[in-house]
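Please keep the sequence and the structure in view while reading.

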Amino acid sequence: MHDVIIIEAGRAERHYWLDLWRYRELFRVLAWRDLSVRYKQTVIGVLWALIRPFLTMLVFTVIFGRIAKLPTDGNAPYALMVFAGILPWTLFATGLSEASNSLINNTSLISKVYFPRLIIPIATIVVAFVDFLISFCILLVLMVWYRFLPDWRIIVLPVFALLAFFASVGPALWITSLNVKYRDFRYVIPFLVQFGLYVSPVGFSSSVIPEQWRLLYSFNPMVGVIDGFRWCILRGQSELHPTGLFASGAVIAFFLWFGVHQFRKTEKSFADLI
Amino acid sequence: MSENAIVVEHLSKRYLIGHRVSQGGKYSYTLRDVIGREINNFVRKAADLARGRQVVQGDEVEEFWALRDVSFEVKQGEVLGIIGRNGAGKSTLLKILSRITEPTAGRVLLGGRVSSLLEVGTGFHSELTGRENIFLNGAILGMTQREIRKKFDEIVAFAEVEKFIDTPVKRYSSGMYVRLAFAVAAHLEPEILIIDEVLAVGDVEFQKKCLGKITEVARGGRTILFVSHNHLAIRSLCTHALVLHNGIAMPKYDAITALEHYALQRQGSIGSSWTRPPDLAKPEVHFVSIEIGLEGGQPKHILDCRAIIKSERKTRPACITVDFADRNSTVIMQAEPKCEPFIGGLPGMYRVDLRIELPLLIPGLYTLGFWIGPHNLETFDWIPEAITFEIVESPTPARSFPYTLNHGSIVVPSTADVTMLEELT
């Protein structure tokens with residue numbers, strides 16, 4: 001006899017994480033679907049993943065670097081510093097906004113087939129991660145352009161990339177499950193992302209924040225991530241504040257736990273509410 | 001549990017539904033009413049949000065039990081049909097068994113891998129090619145990539161889309177699309193298969209093919225739950241059937257008995273006369289009331305029908321037809337009386353008296369559907385299940401064994417002369 005599946009009201013799935021592992025193939029296929037559909041019927045296709053961050057970098061460099069004359073980190077070129085911030089920010093922002101709408105974009109799947117619902121938002125964030133890898137090429141070009149090569153610190157970069165990934169997973173899970181019930185959140189997200197772009201040190205260095213506010217500022221999880229990116233890419237010319245990094249990490253961990261918790265709590269009613 | 005593949009115990013499911021309250025039978029559309037209603041709605045929704053409850057559209061929220069205390073068991077290898085009218089709770093039951101939605105009360109034990117086919121082509125993406133969609137849809141239905149690769153050629157051949165396999169499915173005709181979608185699903189190999197109404201796709205030829213495929217799967221010893229309005233499919237496929245009525249399940253019977261129970265229950269709600277319900281829309285020319293009377297006896301039964309028809313404005317002259325359906329809702333014959341003169345033309349009330357000579361019918365309940373229109377392609381009004389009548393007498397009094405629908409409902413008058421040619425010793 002195979003193992004018996006029991007369906008009951010309010011019963012927590014005992015093999016939840018095992019089930020998630022069993023459905024890894026669906027996860028891969030969904031991520032692949034989103035990827036291959038993403039730039040279908042566009043003229044320049046995947047170039048969109050390069051153009052958007054590049055133009056943002058240009059604008060920020062001109063406005064914050066040239067016009068507002070904000071200081072860069074050490075002697076790193078301003079454009080490079082800005083781009084080191086745009087990379088994780090774009091990953092976070094696209095991940096968050098796409099994942100938040102992922103459940104309602106897959107209504108037919110959710111109301112007709114069973115699978116661990118966690119797959120859908122995470123597969124969407126993986127797509128954002130691929131975009132991130134593509135725009136990484138711009139960074140390489142910029143480094144060659146400015147003849148600015150990174151040192152050993154660059155090997156820590158994947159850790160911070162992962163941190164950026166998790167920073168978007170937590171809130172995305174929470175908001176996407178709320179979005180199923182209350183569609184208001186669909187309108188909250190674009191606003192939140194735009195707002196976040198200005199309160200996070202994307203166009204400027206976090207060193208322009210007065211020292212006494214630094215810790216409080218680090219409770220914005222993206223502060224730690226962006227500082228980490230700059231530390232890795234700019235040969236440590238931007239400082240890494242251990243307490244600030246810890247604060248950001250703690251906030252990310254909390255949201256990750258909270259997001260998964262909320263998602264799992266409401267997961268079973270998705271099909272009824274969507 | 002060892003013998004049973006599925007055990008359902010006291011299963012219930014509740015939904016919340018919203019209504020719009022209408023005042024005096026009509027919506028009020030004045031600005032004041034709309035604002036008042038919107039404010040009320042907003043306050044209620046905000047309160048729901050604060051309490052973390054579901055947001056329901058409408059002015060009044062009502063509980064609705066889609067399933068109530070349903071219990072049954074399905075043995076390993078059994079093919080169980082589920083029948084019932086629209087809204088009887090069939091789809092809700094399947095959704096709970098497929099783990100898409102959670103029951104409000106009760107529990108289900110499932111012994112084995114479940115695949116459910118609630119809709120053909122779930123997750124198909126129109127931008128992707130046929131080949132890519134096979135892999136995508138297969139993964140969604142729970143197949144591994146290896147399984148799909150192994151069955152790929154079989155799937156493509158079954159769907160008959162070899163030529164277009166690398167074309168995006170948005171360029172497919174709807175028939176090809178549906179064939180491909182069903183082909184993927186038909187090659188699933190779970191221990192328990194749940195199917196909802198998928199036979200209603202494609203042309204007749206393809207429907208037959210699908211039915212054949214499902215029969216083949218059923219013979220393979222898999223447990224199947226099968227919802228269909230197609231009584232023929234239920235009868236030929238299922239060993240047992242469960243009738244659902246307003247969320248309540250009748251006991252499980254063998255398929256034929258269950259179908260008869262269902263027919264009785266359905267026809268029990270249709271009378272021997274019909275009056276237009278007030279909430280039914282009124283076309284320009286419509287039936288107001290219909291009554292019938294059965295006269296004589298087999299083999300010379302006469303059905304008298306009297307229909308009152310109202311024509312609200314000047315229209316083209318029309319005529320009437322009457323459809324006869326048997327217990328399985330299969331239409332078995334039609335009466336097309338020649339209307340002399342034609343009905344209508346000018347606005348007014350009309351009375352039409354029909355006299356229909358019935359052929360020999362096997363005992364049972366028959367349902368009449370009434371149609372009126374100026375041309376076979378244009379309909380004024382159509383009442384599909386208006387009236388029911390029962391034939392009690394046997395068509396051939398000498399016959400001693402009972403009649404079943406398996407051999408049709410009409411008995412053809414016939415004679416046989418028997419002559420012994422030679423006696424063998």
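## Strand pairing and chain contact

In chain B, B:Val285 stands opposite B:Ser311, a residue of β13(B). The model is predicted, so that local features need pLDDT of at least 70 and side-chain atom pairs count only at pLDDT 80 or more, while totals for chains, interfaces and linings use all residues. Residues are numbered from 1 along each chain as its sequence is written, and chains are lettered from A and ligands numbered from 1 in the order in which they are written.

Helices (H or I, at least four residues) and strands (E, at least two) are DSSP runs, numbered from the N terminus. Two strands pair if DSSP finds at least two bridges between them.

| Strand | Partner | Bridges |
|---|---|---|
| β12(B), residues 285-297 | β13(B), residues 300-311 | twelve |
| β1(A) | β4(B), residues 105-111 | five |

Strands β12(B) and β13(B) belong to an open, antiparallel sheet of four strands of chain B, ordered β11-β12-β13-β16. At its edges lie β11 (273-275) and β16 (348-357) of chain B, each pairing on one side only.

The pairing of β1(A) with β4(B) links the two chains; there, A:Ile6 has B:Leu109 as its bridge partner. The contact (C-beta atoms, placed from the backbone, within 7 Å) takes 28 residues from chain A and 35 residues from chain B. On the side of chain A that touches chain B, β1 (4-8), α2 (24-38), α5 (107-112) and α12 (270-273) each supply at least two residues. The largest share, six residues, comes from α2(A).

Notes: Contact = placed C-beta atoms within 7 Å.
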